Amino acid sequence: MKLLYEGKAKKVWEIDDERVLIEFKDDVTAFDGLKKDQYKGKGFLNKKVSDHFFEILENNGIKTHYIKSIDDRNFEAWKTTVLPLEVVVRNYTAGSFCRRYGVERGKKLSKPLVEFMIKSDELHDPLICEDSILLLNLVTEEDLKYIKETALKVNEILSGELSKANLILADFKLEFGKKADGEILLIDEITPDTCRFWDSETLESLDKDVYREDKADLLTTYEEVVRRLG
Ligand SMILES: Nc1ncnc2c1ncn2[C@@H]1O[C@H](COP(=O)(O)OP(=O)(O)O)[C@@H](O)[C@H]1O
Ligand SMILES: [Mg+2]
């Protein structure tokens, strides 16, 4: 198979014109790639969590790239042209939101907030407003509306699911891509690398923040997420 792309956490292999194989690596990075490590078994755990959420989203009517699991490290997905946006939904204050606005972690927002960043390692994923997205022709107005509505629906579905596991979905990042026929799909991964999961009672992190901030062992934490999701 042809390797189409190797990123920080995954490899994308071409199956045919329509489908790709997405492989989870054991690598973990933070702070724009400045901090970098490997945890044997991390790819396996993340793939398990991601499969679980994509299956739930598909069952709830969200169009995603997920086709099927192949093995412990790989899943099959629809090949898309990735839209140049990262979409962040926030329910609680955390991370860059706190740094940007000088607020403390762990405050519940009065309603979910959708933020957009340009997906560009070179530019360090800058925050962008909706008018600028349209002026720069990053996506069409219709696509932007669909993306925002879908992100909020994903938030509802995942938040509900996580609360059953005694977890809060504090915030998360989504990516979208366009299939050859023009359909927009939710792509990439849904894992503790891309979401903030907090214990419902203590607000303790069960996600990549344990690695970013050296708060706990990454593997033990990700295993706990898998355990709680059952
Ligand atoms: N279905 C898909 N079709 C095409 N590209 C995809 C698909 N799903 C994810 N991708 C892209 O593959 C890459 C996954 O590798 P990753 O390690 O997450 O990269 P990065 O270091 O850029 O975050 C991302 O750039 C993501 O946008
Ligand atoms: Mg990525």
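S205 sits in the loop between strand 14 and helix 5 (209–212), where helices (H or I, at least four residues) and strands (E, at least two) are DSSP runs, numbered from the N terminus. In this predicted model, local features need pLDDT of at least 70 and side-chain atom pairs count only at pLDDT 80 or more, whereas totals for chains, interfaces and linings use all residues. Residues are numbered from 1 along each chain as its sequence is written, chains are lettered from A and ligands numbered from 1 in the order in which they are written, and side-chain values use heavy atoms, with hydrogens and water left out.

**S205 and its contacts**

- With a relative accessibility of 6%, S205 counts as buried, a class defined as under 20% relative accessible area, with exposed meaning over 50% and partly exposed in between (1.4 Å probe, protein chains only).
- The side chain of S205 makes polar contacts with the side chain of R105, at 3.1 Å, and with the side chain of K215, at 2.9 Å.
- A polar contact is here a pair of N or O atoms within 3.5 Å; within protein, one must be able to donate a hydrogen and the other to accept it, and residues adjacent in sequence count only if both atoms are side-chain atoms.

- A nitrogen atom of ligand 1 lies 2.8 Å from a backbone N or O atom of W78, and a nitrogen atom of ligand 1 is 3.1 Å from an N or O atom in the side chain of T80.
- On the side chain of K119, an N or O atom is 3.4 Å from an oxygen atom of ligand 1.
- Ligand 1 exposes 550 Å² when taken alone, and the protein buries 90% of that; accessible areas come from the Shrake-Rupley method with a 1.4 Å probe, and for residues only the protein chains shown count as cover.

**Aromatic pairs**

- The model has eight aromatic pairs, a pair being rings of Phe, Tyr and Trp (its six-membered ring) whose centres lie within 6.5 Å, with planes under 30 degrees apart counted as stacked, over 60 as edge-to-face and the rest as tilted.
- Y92 and W198 pair edge-to-face, at 5.6 Å centre to centre and with 65° between the planes.
- This pair links distant parts of the chain, since Y92 belongs to strand 9 (residues 85–92) and W198 to strand 14 (residues 195–199), 106 residues apart; Y92 and W198 are both buried.
- F97 and Y101 also form an edge-to-face pair, at 4.9 Å centre to centre and with 75° between the planes.
- Both F97 and Y101 lie in helix 2 (residues 95–101), four residues apart, about one turn of the helix; F97 is buried at 12% relative accessible area, whereas Y101 is partly exposed at 45%.
- One aromatic cluster is formed by F24, F54, Y66 and F75.

- T93 occupies the loop between strand 9 and helix 2 and is buried, with 4% relative accessibility.
- A polar atom of the T93 side chain lies 2.7 Å from the backbone oxygen of E104.
- G95 is part of helix 2 and counts as buried at 19% relative accessible area.
- Eleven residues apart along the chain, G95 and G106 have C-alpha atoms separated by 9.9 Å.

**Positive phi angles**

- Most residues other than glycine have a negative phi.
- D32, which is not a glycine, has a positive phi of about 60°; D32 lies in the loop between strand 4 (27–30) and strand 5 (35–38) and is exposed at 52% relative accessibility.
- D214 likewise has a positive phi, near 50°; D214 is in the loop between helix 5 and helix 6 (218–229) and is exposed, with a relative accessible area of 64%.
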